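This report describes parts of one structure in plain terms. Please look at the sequence and the model before reading on.

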Amino acid sequence: MLNTNSIMKNENIKILQYKKQIILQGPPGTGKTREAKLIAKEILGLNSTDDLKDNEQFKLIQFHPSYTYEDFVRGIVAESKGDKIEYKNVNKTLGEFAEVALKNYTTSKETGIDNNLDSWIDTRSEERRVGK
């Protein structure tokens, strides 16, 4: 027998596959974050016990009233260069995620699977070397 949570999760996955995005809304404590994590694990083919914390394909954003465009997409930061101040545009959460997705997409179109695997391995060894 399917429980209501399983039916709802399956419906949300169908909607997400069709629309490519969904918004879970409701009062605090109603299971939106839990549902998002369950959906992500199902789509990524992970076990329910697997942790999504270090998964590059999953990013959880919880909006609140003080969360601005500059916090989420792209913002301007000031950097001191001696006696001058330099302003730079900096990608934030969504901008960084989109940048990585574009790079992965471009790489997948330019090279074969063997080169993509080599690139992935090189990236992981570099991250471990620098302690990321």
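Ile76 lies in strand S1; strands (E, at least two residues) and helices (H or I, at least four) are DSSP runs, numbered from the N terminus. This is a predicted model, in which local features need pLDDT of at least 70, side-chain atom pairs count only at pLDDT 80 or more, and totals for chains, interfaces and linings use all residues. Residues are numbered from 1 along each chain as its sequence is written, and side-chain values use heavy atoms, with hydrogens and water left out.

S1 (residues 74-81) pairs with strand S2 (residues 84-91) in the antiparallel sense over eight bridges; pairing requires at least two bridges found by DSSP. Gly75 is opposite Val90 in S2. The two strands S1 and S2 make a hairpin with two residues between them, and Gly82 in the turn has a positive phi of about 70°.

Relative accessible area sorts residues into buried (under 20%), exposed (over 50%) and partly exposed (in between), using a 1.4 Å probe and protein chains only.

| Residue | Relative accessible area | Class |
|---|---|---|
| Ile76 | 59% | exposed |
| Tyr67 | 23% | partly exposed |
| Phe72 | 18% | buried |

Helix H2 (residues 32-44) has 13 residues, which should span 18 Å at 1.5 Å a residue, and its end C-alpha atoms are 18 Å apart, in agreement. The expected span is 1.5 Å times one less than the number of residues. Buried residues of H2 are Glu35, Ile39, Ala40 and Lys41.
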